[in-house]
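Here is a short briefing on one protein model. Look at the structure first, then read the points below.

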Amino acid sequence: MILVVNGPNLNLLGEREPEVYGRSNLADVVELVRSACSAWGLEVKAFQSNHEGALVDFLQEHRHGAKGIVINPGALSHTSIALYDCLKSLAAPAVEVHISNVHAREPFRRESVTAAACRGQIVGLGIRGYLLAAEWLCAEVGVPPEGGGRKGR
């Protein structure tokens, strides 16, 4: 199972600053990931919360079944030692995703506490970053799709 975890304000995708975050909503993001993972025979479990503890609880609850994690901690990426510690304690690899290019925005957005607990980070590619993270995780942990082998190693 691939977990798709989204932090604060990502429930407002499509409404909040569409010039920065685009017009797609969170359901579009989840469907994009679900579609990518289905070819690899992997289930997707999605979760969004505006509360740090709820994100930690979800990750811990699913720690044994998760094969990979796509996480957009939102603003918590800049402050959450709790999410960092949680991600470090999980066996499943995580990829941090940010829809906007955080490195081209305000200085406080350029530092991610949680990125150091992840295998990689994808920024600035819109919701397609979620797709790329899911495809990489599937190639790492999934059963190859019909006619395909492991990619990206």
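**Helix packing and cysteines**

Helix 2 and helix 5 run roughly parallel to each other, because angles under 35 degrees count as roughly parallel and their axes cross at roughly 25°. Keep in mind that this is a predicted model.

**How the two helices meet**

- Helix 2 spans residues 26-38, and helix 5 spans residues 128-141.
- The axes of helix 2 and helix 5 come within 9 Å.
- The crossing of helix 2 and helix 5 is right-handed.
- On the helix 2 side, the contact is made by Val29, Leu32, Val33, Ala36 and Cys37.
- On the helix 5 side, Arg128, Tyr130, Leu131, Ala134, Glu135 and Cys138 make the contact.
- Nine residues of this contact are nonpolar, two are charged and none is polar.

**Cysteines without disulfides**

- How many disulfides does a search of the whole structure find? The search finds zero.
- A disulfide needs two cysteine sulfur atoms within 2.5 Å.
- The closest cysteine sulfur to that of cysteine 118 belongs to cysteine 86. The distance is 11 Å, too far for a bond.
- For cysteine 138, the nearest cysteine sulfur is that of cysteine 37, 3.5 Å away. Cysteine 138 is in no disulfide, because the cut-off is 2.5 Å.

**Buried or exposed?**

- Cysteine 118 is buried, and its relative accessible area is 13%.
- Cysteine 138 is buried too, with a relative accessible area of 0%.

Terms used. Residues numbered from 1 in each chain as written. Predicted model: local features only at pLDDT ≥ 70, side-chain atom pairs only at ≥ 80, totals over all residues. Heavy atoms only, no water. Axes fitted to C-alpha atoms, helices over the stretch in contact; angles between N-to-C directions. Helix = DSSP H or I, 4+ residues; strand = E, 2+ residues; numbered from the N terminus. Parallel < 35°, antiparallel > 145°, perpendicular 65-115°, else oblique. Left-handed = near helix turned anticlockwise from the far one by under 90°. Contact = heavy atoms within 4.5 Å. Nonpolar A, V, L, I, M, F, W, Y, C, P; charged D, E, K, R; others polar. Buried < 20%, exposed > 50% of the residue type's maximum accessible area, 1.4 Å probe, protein only.
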